[in-house]
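Open your viewer and get ready to select residues as we go. We will stop at a few places and look at what is there.

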Amino acid sequence: MKNPLLEYIVNKQKAINKHLLFRKIEVEIVDGFNIGDSLEKIESSIPEYFFNGVDKIVIGQFRDKDHNRSFYKDGIIYVSINNQEDVMRDISHELSHFLFDKYSIFEDVLISEEFMGKRRRLFDILLYAGYNPPKDLFARSDYNKEFDDYLYETVGYQKLTSHIIGLFPDPYSVTSLEEYVSTCFEFFFIKDRDYIKKICPATYKVFNHLIGKNGKLYFVLRT
Ligand SMILES: [Zn+2]
């Protein structure tokens, strides 16, 4: 099923457990998934004001039109069930997409320079390894299906992983600037902050800036 709403309705027929994040954001969890203390962990690691404007989080089984299992759409974060750590990572990752949508905070020239510098290095690495990387697609920072397919199918994530160690946090983060920031975001808040500090220092600095001095100050709403 490709329509998230349709799938959501199917999920709704199963029992739904309701929780609250920060005592205000409804979290609906399909029966049978044990969320454990993941919500408390999110509350203690991600600033509450990052969630301002998120209406609801739904944890179930989803696929959007691009076959993504987790996604953000119209104020709602959809996350497919997985192990607890992955659910926390997915919530933070989709939260980052929400922030991208709402604010211009990640349109920092230092982040895009860092990202494009990494793209250029990866281009050279792949060229040296005998691939024929498409230069025009490597030079684009926005999402592009052709480039996504090139990384996922032509190179393959398993091989790509060995070429991006110390450069990108994971293969999907190579896809676009927004996926890069969103993956760094999930590493920074959930998985491994030190790794982001080490390999993505400019992005790390912007995140640190956002959570410092009560954060709110640095949010710039999109007009
Ligand atoms: Zn994403």
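This is a predicted model: local features need pLDDT of at least 70, side-chain atom pairs count only at pLDDT 80 or more; totals for chains, interfaces and linings use all residues.

**First stop: a buried loop residue**

Select I105: it counts as buried because it has 20 C-beta neighbours inside 10 Å. (A residue is buried if 20 or more other C-beta atoms lie within 10 Å of its own, exposed if 12 or fewer, and partly exposed in between; C-beta atoms are placed from the backbone.) I105 sits in the loop between helix 3 and helix 4 (109-128). Helices (H or I, at least four residues) and strands (E, at least two) are DSSP runs, numbered from the N terminus.

Residues are numbered from 1 along each chain as its sequence is written.

**Zoom out: the whole chain**

Show the chain as a cartoon and you can find 9 helices and 5 strands. Of its 223 residues, 32% count as buried.

The 5 strands form an open sheet in the order 1-2-3-5-4, with mixed pairing. (Two strands pair if DSSP finds at least two bridges between them.) Strand 1 (16-21) and strand 4 are the edge strands, each pairing on one side only. In general, strands of a sheet pair through backbone hydrogen bonds, either parallel or antiparallel.

Which strand runs parallel to strand 3, joined by 5 bridges? It is strand 5. Select I57 and you will find that its bridge partner in strand 5 is I77. K56, meanwhile, stands opposite I76 in strand 5.

On to strand 4: 3 bridges join it to strand 5, and these two run antiparallel. F71 has Y78 as its bridge partner in strand 5. The hairpin of strand 4 and strand 5 has 2 residues between the strands, and there D74 takes a positive phi near 50 degrees. Strand 5 is mostly covered, with 4 of its 5 residues buried.

Select residues 84-102 to see helix 3: at 1.5 Å a residue, its 19 residues should span 27 Å, and the end C-alpha atoms are 27 Å apart, which agrees. (The expected span is 1.5 Å times one less than the number of residues.) Its buried residues include V87, I91, L95 and F98. They pack against helix 2 (38-45), strand 3 (56-60), strand 4 (71-73), strand 5 (76-80) and helix 7.

**The nonpolar cores**

Select I57, I77, I91, C184 and F188: these have the most contacts inside the largest nonpolar core, which has 42 residues. (Such a core is a set of buried Ala, Val, Leu, Ile, Met, Phe, Trp, Tyr and Cys residues joined through C-beta atoms within 7 Å.) Helix 7 (residues 177-191) gives the largest share of this core, 9 residues. At least three residues come from each of domain 1 (4-102) and domain 2 (106-210); the bounds come from an automatic or database domain assignment.

Keep I77 selected. Not counting residues up to four places away in sequence, I77 touches V54, I57, Y72, I91, E94, L95 and F98; contact here means that the C-beta atoms, placed from the backbone, lie within 7 Å. For a last stop, select Y150, L151, I164 and V174, which are among the 8 residues of a second, separate core.

Methods: Two residues are in contact if their C-beta atoms, placed from the backbone, lie within 7 Å.
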